[in-house]
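Thanks for coming. Please have the sequence and the structure open while I talk.

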Amino acid sequence: MNQPFGFASGDDKNFDMNSLGAMLQQLGAMMQQAGDESDTGAVSWKSIKDSARQTIAKDGDASITDGQKSAVVDAVELAQTWTDTQTVFPVTTSGAKAWSRSEWVEQTLSAWEPLINPVAEGLQRTMAQTAPQLGGELPAEMAQMIEPVMAMAKKLASLQTSMQIGNGLGALSGDLLAASDIAAPLSPNSVPALLPNAIQKFAADYSLPVNEVMVYVAIREVAFQRLMSANLWLQHELANLIASYARGIEFDAERVQEVLSGIDPNNPESMQEVMSAGIFEPTRTEAQERALAKMEFVLALVEGWVAQVTAAAANQRLTSANALNETFLRRQMSGGPAAKTFTNLVGLELRPKLLRSAINFWSVVESEVGIDKRDGVWSHPDLLPSPEDFENVAAYLAGLKADNRDTFPS
């Protein structure tokens, strides 16, 4: 039977200390290159950021010009004015940001911690559970070396996770037009932030006027930021749902053991093969499926509300409003290649599947009870609809109409 690291029980003749030393040296060099002395957590934030920037650099990332910054500020100011009549949620911050892809990574990286940390911690737990199984009966000299080797393997797994996440974030940045594109609160202090280079490319790809696309994206962005700023509980709820989902992430311990058992100390390059073996990708459990369904529903409610407010603000003002409404609806429902890449890496769906139902729900609610009561629904989680309410909007509306308050508490 194959033994860990290619050794047979009691076989001291096949043990090559020089080869093992070469492997350890290779491991050390890899960790020194990707790691950071200040990184004491489950992942290397330096490696995540560096990997994301390297991914972006392959495609090129033009700096934002002064003209683009001015265009973003103007678009956001106009969007704020148009949005004033479509929601009770006020402007809570001034100004706007124009980001390149690299600046998006820099500015939003800390907001990914509730997702990234539990993923990496789950991996470390798997490695810790697997380490004793890998011990087996080893030559005496190898037994003395197994503990530091496993420590290095766990560190390497952490770095591998960091690089995977960094690559995913870098790819995701190429599919975004604004900070709120994935319906998660990523922008610091809820400041509206647009990616003008991506907006220009998007407008060209769909043969739409770039100035109208800029304003339309700005409306979406300010609507989202207003919603989040006025309902802080919603930000916490989304963070808790993401963290709850991520905490349940599990890795295939048998797969990890199987691949690590094939490491050959006589072949230092075998560690590189482990890096590309796909052993550190998470598996989804039944509990996670339930958490994911709840999270997708909340994200759909957010996306649906933003879409409804945006369409109302843009209609009759932008000549391409109808085309923009439908184009963005399809985009939000399907997600782009980069979003799918990140989903495959982390296992988290960033695009809601219930968007059309959510848009229809908010449209009916607004037409029946008005904007004030529609937005008042966000004042407390108990007031939000359930998935069943999508199927029976009339019953939900009856409850809202029975409430005689003009507005809901904030």
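I will start with a term: contact means heavy atoms within 4.5 Å. With that, take Ser102, which is in contact with Arg53, Ile56 and Asp61, leaving aside its neighbours within four places in sequence. Ser102 lies in helix H4, residues 101-108. Helices here are DSSP runs of H or I with at least four residues, strands are runs of E with at least two, and both are numbered from the N terminus.

Is Ser102 buried or exposed? Buried means under 20% relative accessible area, exposed over 50%, and partly exposed in between, with a 1.4 Å probe and protein chains only. Ser102 has a relative accessible area of 13%, so it is buried.

Before going on, where this comes from. The model is predicted, so local features need pLDDT of at least 70 and side-chain atom pairs count only at pLDDT 80 or more, while totals for chains, interfaces and linings use all residues. Residues are numbered from 1 along each chain as its sequence is written, and side-chain values use heavy atoms, with hydrogens and water left out.

Now the cores. A nonpolar core is a set of buried Ala, Val, Leu, Ile, Met, Phe, Trp, Tyr and Cys residues joined through side-chain atoms within 4.5 Å. The largest one has 50 residues, and those with the most contacts inside it include Trp104, Trp112, Leu194 and Val213. Which helix gives the largest share of this core? That is helix H8, residues 210-230, with 8 residues. Apart from this core lies another, of 37 residues, among them Met295, Ala300, Phe361 and Leu397. In soluble globular proteins, nonpolar side chains tend to be buried together.

Next, what packs on H8. Axes are lines fitted to C-alpha atoms, for helices over the stretch in contact, and angles run from 0 to 180 degrees between N-to-C directions. The axes of helix H7, residues 196-205, and H8 come within 9 Å and cross at roughly 125°. H7 is therefore oblique to H8; angles under 35 degrees count as roughly parallel, over 145 as roughly antiparallel, 65 to 115 as roughly perpendicular, and the rest as oblique. Pro196, Ile199, Gln200, Phe202 and Ala203 of H7 meet Val210, Val213, Met214 and Val217 of H8. By class, the residues of this contact are 8 nonpolar, 1 polar and no charged. Ala, Val, Leu, Ile, Met, Phe, Trp, Tyr, Cys and Pro count as nonpolar, Asp, Glu, Lys and Arg as charged, and the others, Gly among them, as polar.

Helix H3, residues 66-83, also meets H8: their axes come within 8 Å and cross at roughly 60°. That angle makes H3 oblique to H8. The contact residues include Ala71, Val72 and Ala75 of H3, and Met214, Val215 and Ala218 of H8. They divide into 12 nonpolar, 2 polar and 1 charged.

Last, two loop residues. Ser207 sits in the loop between H7 and H8. Its phi is near 55°, a positive value in a residue other than glycine. Ser207 counts as exposed because its relative accessibility is 66%. Gln316 is in the loop between helix H12, 286-314, and helix H13, 321-334. The phi of Gln316 is near 70°, again a positive value in a residue other than glycine. With a relative accessible area of 81%, Gln316 is exposed.
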